[in-house]
Amino acid sequence: MSEKEPSNTMLNAPLSDGRGEEHNHADPAPCRQSEAADSIRDSAKLADTAAFRSYADGHALTTDLGVRISDNQNTLRAGQRGPSLMQDFLFLEKMAHFDQERIPERVVHARGSGAHGVFRVYRSLSEWTKAGFLQDPEEETPVFVRFSTVQGFRGSPDTVRDIRGWATKFYTKEGNFDLVGNNTPVFFIQDAIKFPDFVHAVKPEPRNEIPQGQSAHDSFWDYVSLQPETLHNVMWAMSDRGIPRSYRMMEGFGIHTYRLVNARGESRFVRFHWKPAAGLRSLVWDEAQLLTGRDPDFHRRDLWEAIEAGDYPEYELGLQIIPEDEAALFDFDILDPTKLIPEALVPVQLVGRMTLNRNPDNFFAETEQAAFCPANIVPGIDFSEDPLLQGRIFSYSDTQRHRLGGPNFTELPINRPICPVHNHRRDGQHRLRIDADEANYEPNTLSGNWPRETPPAAGGFSSCAVRLEGVSQRLRSPSFAEHYAHPRLFWLSQTEPEKRHIIGAFSFELGKVRRTAIRERVLDLLANVDSDLARGVASNLGIELTEEQLSRPVPGAVSGVVEDASLSLYARSEREVRSLRVSLLAADGVSARTLKILCSRLRRAGVHPAILAPHSGPVTMDDGRTVQADGDFSGNPSVLFDAVLVPDGEKSTAVLAADADAREHVALACRHLKALGFVGEAECMAPAVDDDGIIRGTAEEVAEGLLKALAKHRIWTRERPRTSAARA
């Protein structure tokens with residue numbers, strides 16, 4: 001429509017006399033057309049007035065076309081525990097708008113890193129599933145994995161406190177299977193219709209787009225305080241799981257309950273797990289904060305450099321198998337995505353191994369254009385009625401069609417399956433495949449009725465036969481109603497250092513919240529989980545809990561499970577040290593013998609030593625030979641390393657002791673609870689603490705002692721708990 005051609009809506013609109021009264025004149029057209037044209041010409045000015053601004057105060061919630069919404073909490077489903085219905089136009093409109101809010105980066109999980117690899121099953125799983133890639137232990141299935149943060153933009157730092165996305169694309173001979181999950185086994189919400197609300201709340205506040213990549217602000221905690229179902233995943237985010245040491249050292253979870261279907265049509269519920277071969281490690285909070293400035297690409301660089309060095313990240317695929325007739329035996333609903341299935345009840349069976357062995361050739365073409373969707377399944381794997389999963393089935397592909405420019409994103413090399421593709425879909429933006437068939441429909445006689453359907457017995461996909469009954473309604477199942485037993489199980493399963501960190505994380509985040517009422521509502525939720533937890537956070541915030549809050553009854557065990565060691569990062573005393581990085585501080589005059597012994601022993605254990613000096617370039621050792629420094633102190637702080645060694649050498653030690661950057665390197669490593677080793681006279685660089693993470697002695701003794709300390713991850717006895725946290 002041109003500027004001088006008013007719309008029919010404008011021509012037919014009644015005019016106002018300025019007093020709020022509307023009139024219909026006998027011959028209004030010339031006047032209306034003139035006023036309409038003036039209105040269009042003045043639209044730029046009007047856009048800056050209050051008339052074009054939206055204020056939600058006191059108004060009913062509606063669709064984009066003004067239909068008032070009676071239930072914005074639940075999708076429409078067949079029965080309380082049934083699947084979602086496609087006729088739910090309220091959900092479709094809300095989710096479709098949300099999926100297309102930001103271009104071109106992802107709405108969530110924008111900050112990511114990817115790698116190629118292979119997967120191999122340990123044994124045939126034919127008793128559980130007919131999925132072809134889970135049958136032959138001799139067959140390798142190509143994979144592409146994308147790790148990510150959730151809330152930050154593409155340029156945000158890696159080490160913020162956040163949930164990490166974990167999406168795996170299996171390029172199977174039967175099509176692509178996408179296992180799209182996180183590094184937590186649960187999610188913040190129970191129903192997909194709430195996903196736009198949750199993401200809006202956790203993203204930067206809309207008025208000023210602050211803060212970036214963090215949840216420490218009013219809108220997120222306001223949402224949490226009003227939605228008790230979020231509390232379980234919030235507990236995971238506030239734990240050290242929210243600041244992993246590396247993508248290589250965190251667990252992955254499929255979150256939802258899926259189905260495995262075998263060749264006989266028998267169905268079992270399943271939850272998917274990824275267990276890292278490198279073990280579980282985290283950052284400490286201050287270290288994570290420093291890394292956002294020192295190396296905002298810390299996780300991306302770590303993954304890339306590990307693969308380039310041949311330290312291929314490995315993960316074992318684990319399954320929790322639940323017979324369908326046993327699902328009702330738990331005191332929680334396994335279709336609820338805010339609940340986990342304790343491993344103490346259903347052990348994880350390790351069934352295969354994934355190895356990431358190749359970095360992308362082009363970040364944009366592969367990592368950025370990789371499109372994942374929970375709807376991408378293969379014969380032998382099927383969905384459950386989990387209402388969050390049901391919504392994700394629609395949302396992800398809808399997002400990718402928008403973000404990647406149309407329906408043909410599956411033809412991009414990173415998304416293309418390795419099996420043949422034949423169908424009657426044609427045209428659309430960015431079409432790559434050239435279709436020469438005469439017929440683009442079926443049935444047809446022009447192409448011999450090809451391509452045609454494949455019977456299930458010959459490998460065609462058929463949905464699992466599930467008996468459904470119920471009245472279509474917007475109600476959440478009563479089996480989803482309990483929100484505190486699982487957070488309590490998580491809390492009770494943590495070690496004492498982890499509990500201190502959870503209290504500290506809640507205290508930091510809520511300390512950034514400006515509105516006292518929000519902080520008080522969150523504390524009231526925590527009182528439903530554990531009084532020590534609530535008391536510790538309240539004390540740090542200077543808030544007095546009531547007697548009722550401190551004496552409030554707490555939920556009982558989860559199906560009889562009070563604690564589960566699998567929920568703790570540090571319950572295991574030792575873990576793998578291969579691929580860790582250790583800095584060796586050296587200056588001219590450093591002992592050549594000690595350097596050789598330390599570096600040799602570390603490399604034999606798969607640990608990477610890095611020689612740091614006051615300056616770049618060569619360092620002259622005490623035997624007159626030189627060794628090339630890997631960097632200087634100022635550009636390589638200890639937050640980039642897992643431990644610190646200081647070799648002997650009288651001249652070298654004297655230089656290091658007088659160097660402020662070298663002293664800070666040691667002091668910061670000590671503060672971050674890392675192991676430190678000092679050989680001979682280098683002991684003068686040791687901090688004034690005495691624990692099993694400060695190793696002194698000969699080069700051989702220090703090397704062995706450091707490797708043992710590295711296996712413990714951190715020296716938790718060195719940590720100084722805050723007073724209130726200690727009381728808690």
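**Salt bridges in a predicted model**

Let's start with a count: the protein has 52 salt bridges. Keep in mind that this is a predicted model. Side chains of opposite charge can pair when their charged atoms come close.

Pair one. R259 bridges to E324, with 3.0 Å between the closest N and O atoms. R259 sits in strand β9, residues 258–261, while E324 sits in the loop between β11 (314–323) and β12 (349–358), so this pair ties together parts 65 residues apart in sequence. Buried or exposed, which is R259? R259 has 2% relative accessibility, so it counts as buried. E324 has 31%, so it counts as partly exposed.

Pair two. E469 forms a salt bridge with R467, and here the closest N and O atoms are 4.0 Å apart. Look at the surface values. E469 is exposed, with a relative accessible area of 62%. R467 counts as exposed as well, at 74% relative accessibility.

D524 forms a salt bridge with R552, the closest N and O atoms being 2.8 Å apart. Where do the partners sit? D524 is in helix α14, residues 516–527. R552 is in the loop between α16 (547–550) and β15 (581–585). The two are 28 residues apart, and the pair links distant parts of the chain. At 27% relative accessibility, D524 is partly exposed. R552, at 16%, is buried, because the cut-off for buried is under 20%.

Now the network. Which residues does it link? E411, R426, R431, R433 and D435 are joined by salt bridges.

Let's step back to the charges overall. The protein carries 84 positive and 104 negative side chains. The centres of those two sets lie 2 Å apart.

On to the fold. There are 21 helices and 22 strands. The C-alpha trace spans about 105 × 70 × 55 Å along its principal axes. For 728 residues, a compact globule would have a radius of gyration near 27 Å; the protein has 30 Å, which agrees.

How much of the protein is buried? Buried residues make up 56% of the 728. As for contacts with a separation of 6 or more, 74% are between residues 24 or more positions apart.

To recap: 52 salt bridges, one of them between buried R259 and partly exposed E324. Thanks, everyone.

Definitions and conventions. Residues are numbered from 1 along each chain as its sequence is written. This is a predicted model: local features need pLDDT of at least 70, side-chain atom pairs count only at pLDDT 80 or more; totals for chains, interfaces and linings use all residues. Side-chain values use heavy atoms; hydrogens and water are left out. A salt bridge is a side-chain nitrogen of Lys or Arg within 4 Å of a carboxyl oxygen of Asp or Glu. Helices (H or I, at least four residues) and strands (E, at least two) are DSSP runs, numbered from the N terminus. Buried means under 20% relative accessible area, exposed over 50%, partly exposed in between (1.4 Å probe, protein chains only). The radius of gyration is taken over C-alpha atoms; the globule rule is 2.2 Å times the number of residues to the power 0.38. Contact means heavy atoms within 4.5 Å. Lys and Arg count as positive and Asp and Glu as negative; His and the chain ends are not counted. The place of a charge is taken as NZ of Lys, CZ of Arg, CG of Asp or CD of Glu.
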